[in-house]
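The sequence and structure come first.

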Amino acid sequence: MAKELEFKEIAAQYCEVEAEKMTDNMRFREDLGFSSLDFMSFLGELEDTFDVELDPERLLGIKTIGDAFGMLKNMLQEA
């Protein structure tokens, strides 16, 4: 659960929604107001913070907080 909060705290830096109020079904663009640049910066910060290398092809399906955290969680388990 600590990783999920850390993940949401990173996301919260790019929007006006507090980490504690984010839900899995919130969409980055529509609900959180992320621009394309925000999203790319967010992904770069995830890579640095969690020491992972995100696969660009897997990113195409990411629309929600839950999608992104699920992918990150899977990557952390694979490492």
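## Residue classes and model

In the grouping used here, Ala, Val, Leu, Ile, Met, Phe, Trp, Tyr, Cys and Pro are nonpolar, Asp, Glu, Lys and Arg are charged, and the others, Gly among them, are polar. The model is predicted.

## Largest pocket

The volume of the largest pocket is about 200 Å³. Its lining is made up of Arg-27, Phe-28, Arg-29, Glu-30, Phe-34, Ser-35, Ser-36, Phe-39, Ile-62 and Lys-63. By class, four of the lining residues are nonpolar, two are polar and four are charged.

## Nonpolar core

There are 26 residues in the largest nonpolar core, and Phe-7, Phe-28, Phe-34, Phe-42, Leu-46 and Ile-65 have the most contacts inside it. Two or more core residues come from each of α1, α2 (36-50) and α4 (65-78). The element giving the most is α4, with six residues.

Leaving aside residues up to four places away in sequence, Phe-42 touches Phe-7, Ile-10, Ala-11, Tyr-14, Phe-28 and Phe-34. Among these partners, Phe-28 and Phe-34 also belong to the lining of the largest pocket.

## Glu-4

Helix α1 (residues 2-12) contains Glu-4. Is Glu-4 buried or exposed? The relative accessible area of Glu-4 is 16%, and the cut-off for buried is under 20%, so Glu-4 counts as buried.

Glu-4 is in contact with Asp-24 and Phe-69, again leaving aside residues up to four places away in sequence.

Terms used
Residues numbered from 1 in each chain as written. Predicted model: local features only at pLDDT ≥ 70, side-chain atom pairs only at ≥ 80, totals over all residues. Heavy atoms only, no water. 1 Å grid on protein atoms, 1.4 Å probe; cavity = no way out; pocket = protein on both sides within 12 Å on 5 of 7 lines; lining within 4 Å. Points joined across faces, edges and corners; volume = space filled by probe spheres on them. Helix = DSSP H or I, 4+ residues; strand = E, 2+ residues; numbered from the N terminus. Buried < 20%, exposed > 50% of the residue type's maximum accessible area, 1.4 Å probe, protein only. Contact = heavy atoms within 4.5 Å. Core = buried A, V, L, I, M, F, W, Y, C linked by side-chain atoms within 4.5 Å.
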